[in-house]
Amino acid sequence: MDYDNLSVEHDDGVATVTLESTAGRNALSLEMANELVSVATTLGEESDVRCIVLTHAGDFFGAGADLSQFSGDESDAPILRELAGRAHEAIVQFHRTDTPVVGGVNGVAAGIGFSLALMPDLVVLGEDAVLKFAYPGIGLTGDGGSTFFLPRLVGLRTAKEIVLRDEAIAPEEAVEMGLASEVAPENEFDDRLDAVAADLASGPTHALGTATRLLTESYDRSLESQLAAEVDAIAGATHTEDYERGLEAFFGDGDPDFVGR
């Protein structure tokens, strides 16, 4: 499928989604949000996709919403509801996939761009990355799952500090906080992002995707409910070919050759 605000490339089990908004600074428009819903849903249904990479073209991963359509008063509420609602559906669809999601950020991620950078399971930052909550700068409160992911990643106190101070966060600081997984040197960013994705794409796709989803959803369950979800998930994993291959390799001499099924 062709898109106007993003592109998709497939390579050996890795689907790379590159954000290329027609709005300036990779800002999120309603059209882009709709395309994100479409691509997340489509990739989630493709059995040959074993890892999804979400990255960007240019100097901006995302500078927030496309503000050119806003008036600066209460008449903007319906527009914001629709825009945020579609972006949220995309985030839910990415979360529901059975594949790990890797973020690649080597530019500015602010506003909902910041929120989208928090969503992936692993995040590789480049040396030019800048993360910023940014919503208070225009008198808004945050969307895109930022208030969901932030306290889970960094803890409640630090999450409040990020929101209230609203300061730019440099790559190394972001890793120390838990907002990202690692920082890659400027001339190695693309190669490192590819390597992380390729490594995950060679793993037991269903098991990895389900395990990360269990971790995220654990915050909303009691211990008993989480244990029940674990039983369902681990029993369900026995129906995969990867489980068969993994067990065979465990009792054999070599490493498992997972196929993502």
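Mentor: We'll take the cores, then the cavity, then some loop residues. Keep in mind that this is a predicted model.

Trainee: Fine. Which residues touch the most other members in the largest nonpolar core?

Mentor: L36, V105 and L179 do. That core has 47 residues.

Trainee: And which helix gives the most to this core?

Mentor: Helix α1, residues 30–44. It contributes 7 residues.

Trainee: Back to L179. What does L179 touch, beyond residues up to four places away in sequence?

Mentor: L118, V123, L131, L150, L153, V154, I162, I169 and A174.

Trainee: What does the second, separate core include?

Mentor: It has 12 residues. Among them are V102, A184, L193 and L200.

Trainee: Switching to voids. How many cavities of 30 Å³ or more?

Mentor: The count is 1. The volume of the largest cavity is about 40 Å³.

Trainee: Which residues line the largest cavity?

Mentor: The lining consists of L19, N26, L28, M32, F61, G62, A63, G64, I112, G113 and L116. By class, that is 7 nonpolar and 4 polar residues, with no charged ones.

Trainee: Which elements each supply at least two residues of that lining?

Mentor: β4 (60–62) and α3 (112–118). α3 gives the most, with 3 residues.

Trainee: Now loops. Where does T240 lie?

Mentor: In the loop between α9 (223–237) and α10 (241–250).

Trainee: Buried or exposed, and why?

Mentor: T240 counts as buried because its relative accessibility is 15%, and buried means under 20%.

Trainee: What lies 2.7 Å from a polar atom of the T240 side chain?

Mentor: The backbone oxygen of A237. Leaving aside neighbours within four places in sequence, T240 also contacts H206 and R261.

Trainee: Next, backbone angles. What is the phi of A134?

Mentor: Positive, about 75°, although A134 is not a glycine. A134 is in the loop between β8 (130–132) and α4 (146–154).

Trainee: And what about D166?

Mentor: D166 has a positive phi too, about 50°, and is not a glycine. Its loop runs between α5 (156–165) and α6 (171–177).

Trainee: Why does D166 count as buried?

Mentor: Because D166 has 13% relative accessibility, and the cut-off is under 20%. A134 has 22% relative accessibility, so A134 counts as partly exposed.

Trainee: Thanks, that covers my list.

Methods:
Residues are numbered from 1 along each chain as its sequence is written. This is a predicted model: local features need pLDDT of at least 70, side-chain atom pairs count only at pLDDT 80 or more; totals for chains, interfaces and linings use all residues. Side-chain values use heavy atoms; hydrogens and water are left out. A nonpolar core is a set of buried Ala, Val, Leu, Ile, Met, Phe, Trp, Tyr and Cys residues joined through side-chain atoms within 4.5 Å. Buried means under 20% relative accessible area, exposed over 50%, partly exposed in between (1.4 Å probe, protein chains only). Helices (H or I, at least four residues) and strands (E, at least two) are DSSP runs, numbered from the N terminus. Contact means heavy atoms within 4.5 Å. On a 1 Å grid over the protein atoms alone, a cavity is a set of points where a 1.4 Å probe fits but cannot get out, and a pocket is an open set with protein on both sides within 12 Å along at least five of seven lines; lining residues have an atom within 4 Å of a point. Grid points are joined across faces, edges and corners, and a volume is the space filled by probe spheres set on the points. Ala, Val, Leu, Ile, Met, Phe, Trp, Tyr, Cys and Pro count as nonpolar, Asp, Glu, Lys and Arg as charged, and the others, Gly among them, as polar. A polar contact is a pair of N or O atoms within 3.5 Å; within protein, one must be able to donate a hydrogen and the other to accept it, and residues adjacent in sequence count only if both atoms are side-chain atoms.
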